[in-house]
Amino acid sequence: MTAEVIVDIAHSEVDKIFEYRAIEGVKPGCRVRVPFGGRTIEGYVMRLKEGSDFDPAKLKSVLSVVDEPLTEECLSLVESISSRYHCPKALVLRLFLPSEMRKGAVRELFKTIAVLKDGTAEIPARAKAQAAAFAFLQDNPRFGYTELCDRFGRGAVNALAEKGVISLEKERVLRTPYSGVQGQAAERTLTPAQSAAVENIGKSEKTVQLLHGVTGSGKTEIYLTLIAKALAEGKNAIFLVPEISLTPQMFSQLRARFGDSAAILHSGLSAGEKFDEWQRLRTGEAKIAVGARSAVFAPVENIGVIILDEEHDGSYASETAPRYNTAEIAELRAKYNGCKLVLGSATPSVDTYLKATEGEYNLLKLPERINKGPMPEIIIADMRREVRRGNNTPFSAALREELENSLAEGNQAIIFLNRRGWAQSVVCRECGAVVKCAQCDVSLTYHSEENCLKCHYCGATYKMLSACPECGGVHLSYTGTGTQKVVSQLKELLPQARILRMDVDTTSGKEGHYKILKQFAEHKADILVGTQMIAKGHDFPSVTLVGILDADMSLHFSDYRSGERTFQLVTQVSGRSGRAEEKGKVVLQTYDPENYILRFAVNYDYEGFFKHEISVRKSTAFPPFAKIVRVMVVGEEEKKALEVLKGVYFSLQEVFEAHREDFLFFNKMKSPVKRIQNKFRYQVLMRLSDERLLPEIYTRALQYKTRDVNVYVEENPSNLS
Ligand code: ADP
Ligand code: ZN
């Protein structure tokens, strides 16, 4: 037999099938070691066949089989994913494996246990330790070897082993993430609206289902019911959430419902945990893969349903090669398995909602909250007026008053500001210079806790300056309030309040998010200040007030999606308020109170927002009525990058000249952020009215990639910096 192998080298030149003589145990899906160009590397067996196209005498043999990590489904999707995203098949295969596994850095963890074999053995009386260990083993016939030695001494335990009284066996130990999280949530009876949605999804002929339910409408319960149904049919499930929605509540609900059947995959896990959870899914021991973006590649077979919660969330677009779109992959997998893909959101992306209204997706609506309560009232605070009144704190009078009320009533509040650190930038008041990162074209953020400047792009840290690096002036001003400063000012304002802060700086470590959210859920703090991490997913019944400090921030990005983002953000953050019995309030601070996006958000008018937005997109020919394509050219040496850019540009210009009717825009330029981590960034930006030229654009652009200059293509990038 001949094995068709893809070698684990992500390079277009070796992106093809190599043939090897199969050895015993080689099957499709196996990871094997093969000789390649004078060394031994890993590869994946795609197929087996009789005979070979090559001279059988020259055919090299597979050296050994490592394991069998790839499912049949994976093998059948590799080709289409690789051609869809124009990347080597080896890169696609890597998505299906935890990276730690590839490098062989983690293995299964085994523990030695002592197993009592002979319960009647006679131990000489003078061997006291042996006798004690023997007596102990009568009650604990399987016990950890190391722990047993700790209690009774290694000599005694080994003596028992030598006599054959106990045998030492290896037992697999599973590293379970969040093992401290207990499930408590009871199974609930679905409301009529929830049942109707579940039934409707079951009957629908369409693969993709869009569940559009306001915040607090009970979407999660619907997901859990659909998963339970899949399990009852002997099938498995995938449950995708944005990284930041992997909250303690989510875990405890899943544990309560599904126990160990749920396996969690996300970047916060240790390598060992990730490996074990992945293995549990691969062997079928676990039936539900729960995780962020990358869990869409979970090794789950026989899938009964795929859930993709908070479908509008930007984190579903991969920002490293291959730049896949999670919903697209999920849809491929749903079609392969003949199951449904359920997208859920309170604020579906405009693209998705258009498909639902046009009938491509089945649309289900949950317009009411579970508690039938009203949506929280959103009070607009005009910050221009506050400034005129001489208020130069980040808090409007309205927010201050509501915070005091909330505290007095023993409720909790959330304050949202999407900017971490103390001050976003440091500006010299004498020459106007902004302090920038040495490696990136961005301003540095002042962090008060470490008294340093940090670059939020590359993570570099700099000592705080006492004078301007440009002119030596000593009058530096801090602009753009961040979460640290907000907390400090809140403490002055409300000295009695207990405050927690949640942002990238406070959530490092494996269970960093979890710890903060747990404290807040246990009401060990009155106010939670945070960045977008706190915007969604969380369900804290005692939160009755949400303050949005700077609702305009996302409006001012020069991005066609800024209106959509702002609407989503305001709705999501507001949705954290008043989820239980008590009515919720939101104070939305803005310098632009008349803005139509905010008006729609204040009235929870998604339909109104959608109609308006979609007509703007149509008349200006932006996505989903056009496709934005950005070819990035990134390199450390500016000269080399420019050379590559020239090549890319002229090649694409030929396409442009030949198909002008397909182009709404075509130009080359510096990227808005000209340099990140010492790499210069140039781009060719296009807007296409038709997708048919995409493959040609990819092919032409990617061929200019060199060792020093990276070239990649982004479609409708979520971040144009
Ligand atoms: P969403 O995901 O739509 O924002 P959730 O699923 O978090 O909403 O539900 C909101 C609240 O309602 C949660 O506290 C949840 O426990 C509760 N809930 C959901 N479904 C039911 C039900 N059928 N009966 C009682 N409470 C429910
Ligand atoms: Zn930097």
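This is a predicted model: local features need pLDDT of at least 70, side-chain atom pairs count only at pLDDT 80 or more; totals for chains, interfaces and linings use all residues.
Let me begin with ligand 1, which is surrounded by 16 residues, the closest being Thr 189, Gln 194, Gly 216, Lys 219 and Asp 539; a residue is counted as near a molecule if one of its heavy atoms lies within 4 Å of it. Residues are numbered from 1 along each chain as its sequence is written, chains are lettered from A and ligands numbered from 1 in the order in which they are written, and side-chain values use heavy atoms, with hydrogens and water left out.

Which helix gives the largest share of the shell around ligand 1? That is helix α8, residues 219–232, which contributes 3 residues; helices here are DSSP runs of H or I with at least four residues, strands are runs of E with at least two, and both are numbered from the N terminus. Turning to polar contacts, I mean pairs of N or O atoms within 3.5 Å, where within protein one atom must be able to donate a hydrogen and the other to accept it, and residues adjacent in sequence count only if both atoms are side-chain atoms. A backbone N or O atom of Gly 216 is found 2.7 Å from an oxygen atom of ligand 1, the side chain of Lys 219 has an N or O atom at 2.9 Å from a ligand oxygen, and for the side chain of Arg 188 the corresponding distance is 3.0 Å. Taken alone, ligand 1 exposes 560 Å², and the protein buries 78% of that, with accessible areas coming from the Shrake-Rupley method with a 1.4 Å probe and, for residues, only the protein chains shown counting as cover.

Next comes ligand 2, a zinc ion, which is coordinated at 2.3 to 2.4 Å by the SG atoms of Cys 437, Cys 440, Cys 455 and Cys 458. Donors are N, O and S atoms within 2.8 Å of the metal, or 3.2 Å for Na, K and Ca, and sites may look incomplete because water is not among the atoms. Along the chain, the donors of this zinc ion follow the spacing C-x2-C-x14-C-x2-C.

Are Cys 437 and Cys 455 buried or exposed? Both are buried, where buried means under 20% relative accessible area, exposed means over 50%, and partly exposed lies in between, with a 1.4 Å probe and protein chains only.

Staying with cysteines, the structure holds 0 disulfides, a disulfide being a pair of cysteine sulfur atoms within 2.5 Å. Cys 471 is in no disulfide, and the nearest cysteine sulfur, that of Cys 428, is 3.7 Å away. Cys 471 is partly exposed, with a relative accessible area of 41%.

Now to the backbone, where most residues other than glycine have a negative phi, and most peptide bonds are trans. A cis peptide bond joins Ala 321 and Pro 322, with omega about -10°, and Pro 322 sits in the loop between β13 (303–309) and α11 (326–337). That loop between β13 and α11 also holds Glu 310, whose phi is near 50°, a positive value in a residue other than glycine, and which counts as buried at 7% relative accessibility. The peptide bond from Pro 623 to Pro 624 is cis as well, with omega near 5°, and Pro 624 is in the loop between α19 (606–620) and β27 (627–635). Gln 677 has a positive phi near 50°, lies in the loop between β28 (663–676) and β29 (679–688), and counts as partly exposed at 45% relative accessibility.

I will finish with Glu 564 in helix α17, residues 562–574, which is buried with a relative accessible area of 3% and whose side chain reaches the backbone nitrogen of Val 350 at 2.9 Å.
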